[in-house]
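Work through the exercises below with the sequence and the 3D structure at hand. Try each task before reading its solution.

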Amino acid sequence: MATGTMFFPSDFLWGTATAAHQVEGNNANNDWWQWEQGTGHILQEHRSGLACNWWENAEADLDKAAEMGTNAHRLSLEWSRIEPEPSRFDKNALERYRQILQAMHDRGIEPMVTLHHFTNPLWLVEKGDFGTAVVVDYFQRYTAKVVEVLGDLVPKWVTINEPLVYVFMRYLEGTFPAPQQKGWPAAGQALRNLLRCHAAAYHTIKERQPEAQVGVAKNLVIFAARPSQGTAARWWAKRLNWLYNEAWMEAMTNGRSRFPFGRGQIPHLAGSYDFIGINYYTRFYAKFPPLGGLLHEEWEPGAVVSDGNYGEVYPDGLFQVIKSVLRYDKPIYITENGVPDIKDEIRPSFILTHLREVWRAISFCFPVMGYYHWSLVDNFEWDRGWTQRFGLIAMNPETQERELRTSGQLYTEICQQNQISSEMVAKYAPQSSDILFPGKAPA
Ligand code: BGC
């Protein structure tokens, strides 16, 4: 291996990411909690329960985040806590969020706050949530309230987390809590309403807090055809790429939704974002013809696959997705990137190889301003319960005991030194040294 160092810009944001329901605990007033009580919904019938106990003590993990040398964290607000009944805002809940946000500032950690990360208040579900247009007014009012109360502590807002994942899992796959209606027409309407909610939230924030940076955390996936398949399969993978990756970005850019069953111009949507948030995890192979599902669940020989067949480790894809959004000419944040790996066998190399792609992008002057690793601490992984562990900090949900993983030590060195060195690679992931620092060491 050659020796060397990859330097990062001095103002680069080194972060971690979490979401309210996955870490707070006892979020009993939302649709996920209710879904968890049913049978067959969550692997091994796991429940979020106390989660990581952040509602009581987020500060303990924020201490660790600060010790690690991170200077940013992305978290979400739980709408069902803030507005437990329509139009009744809970002062205590808002006050608790102020404390948490202040605790971040006190530790030198800049908050990025997500307004909607997969969960809905139960009262909103009764009204039809994102399946009906009434959601837009409710979302706008909720946004206005939180910006009014918390805005001075929040420089960066994410309106919606992963709209396509949300819609796909709820309306088409059925692995997320059940909407009143399922299928493509309902999915198209939900996407349209999500776009409208995003536009309403964007303008609500900017009117009250013009200096805030507002965007969406968009899950971007590489869709590929099996290498053994031909032109038609490649064409189909491109169509999926358009539908899943591009159509949302296009709509936010020019104001027009082209989603099937949700088409049409949306007022005030055009240009409604200041940055692009990318959540990147993996590459999928598109099934062609798409019979019995859209995606293959098997990988090519030699692929490194993470726990529970979650996905293939494919760092090059991160560079590709960054490149794919350059045309929008906005700052880019990697708002999530991580891997389920309870034994921490592949995470060190995962972090290094993915950050190499970020560094490569920055070397080309692509405007990548920060990286938020998913996640700071093991947390409740939705329909996969506690079976999948993404944390830099391992956490036992039975005892709440924590331990920094080896990958957490590596991330600490990276954040503290603002660089990746060949020494780190030799220490934490020697098997990846030829990818990170190819060539021979100077004699
Ligand atoms: C979501 C997170 C989730 C992570 C890992 C993202 O799709 O935003 O909530 O835990 O991926 O699966």
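This is a predicted model: local features need pLDDT of at least 70, side-chain atom pairs count only at pLDDT 80 or more; totals for chains, interfaces and linings use all residues.

**Exercise 1.** Which residues lie nearest the centre of the second largest pocket, and which element gives the largest share of its lining?

Solution. Next, list the elements that give two or more residues to the lining: β6, α10 and α11 (316-324). The largest share, seven residues, comes from α10. Then sort the lining by class: eleven residues are nonpolar, four are polar and four are charged. The volume of this second largest pocket is about 290 Å³.

**Exercise 2.** Classify the aromatic pairs F8–F12 and F223–Y244, and state whether their residues are buried or exposed.

Solution. A pair of aromatic rings is described by the distance of the centres and the angle of the planes. Two rings pair if their centres lie within 6.5 Å; planes under 30 degrees apart are stacked, those over 60 are edge-to-face, and the rest are tilted. The count by this rule is 29 aromatic pairs. For F8 and F12 the centres are 5.3 Å apart and the planes stand at 50°, so this pair is tilted. F8 and F12 are both buried. For F223 and Y244 the distance from centre to centre is 5.5 Å and the angle between the planes is 80°, which makes the pair edge-to-face. Now place the two residues: F223 belongs to strand β6 (residues 213-224) and Y244 to helix α10 (residues 231-254), so the pair ties together parts that are 21 residues apart in sequence. F223 and Y244 are both buried.

**Exercise 3.** Which residues do ring pairs link into a cluster, and which charged residues sit over the rings of Y285 and Y273?

Solution. Take the cluster to begin with: ring pairs link W79, W123, F130, Y138, F139, Y142 and Y166. For the charges, the cut-off is a distance within 6 Å of the ring centre, together with a position within 35 degrees of the ring normal. R226 is over the face of Y285, at 4.7 Å from the ring centre. Over the ring of Y273 sits the charged end of K330, 5.1 Å from the centre of that ring.

**Exercise 4.** Describe how strand β5 pairs with β4 and β6, and how many of its residues are buried.

Solution. Start with burial: β5 (residues 156-161) is mostly covered, with six of its six residues buried. On one side of the description, strand β4 (residues 110-116) pairs with β5 in the parallel sense over four bridges. H116 has I160 of β5 as its bridge partner. Turning to β6, this strand runs parallel to β5, and four bridges join the two. Here V158 has G215 of β6 as its bridge partner.

**Exercise 5.** What is the volume of the largest pocket, and what lines this pocket?

Solution. The volume is about 1200 Å³. The lining has 46 residues, and F168, M169, E173, F284 and L295 lie nearest the centre. Elements giving two or more residues to this lining are α8 (163-173), α9 (184-208), β6, α10 and β9 (275-285). The largest share comes from α8, with seven residues. By class, the lining of the largest pocket divides into 27 nonpolar, eleven polar and eight charged residues.

Note on methods:
Residues are numbered from 1 along each chain as its sequence is written. Side-chain values use heavy atoms; hydrogens and water are left out. Rings of Phe, Tyr and Trp (its six-membered ring) pair if their centres lie within 6.5 Å; planes under 30 degrees apart count as stacked, over 60 as edge-to-face and the rest as tilted. Buried means under 20% relative accessible area, exposed over 50%, partly exposed in between (1.4 Å probe, protein chains only). Two strands pair if DSSP finds at least two bridges between them. On a 1 Å grid over the protein atoms alone, a cavity is a set of points where a 1.4 Å probe fits but cannot get out, and a pocket is an open set with protein on both sides within 12 Å along at least five of seven lines; lining residues have an atom within 4 Å of a point. Grid points are joined across faces, edges and corners, and a volume is the space filled by probe spheres set on the points. Ala, Val, Leu, Ile, Met, Phe, Trp, Tyr, Cys and Pro count as nonpolar, Asp, Glu, Lys and Arg as charged, and the others, Gly among them, as polar.
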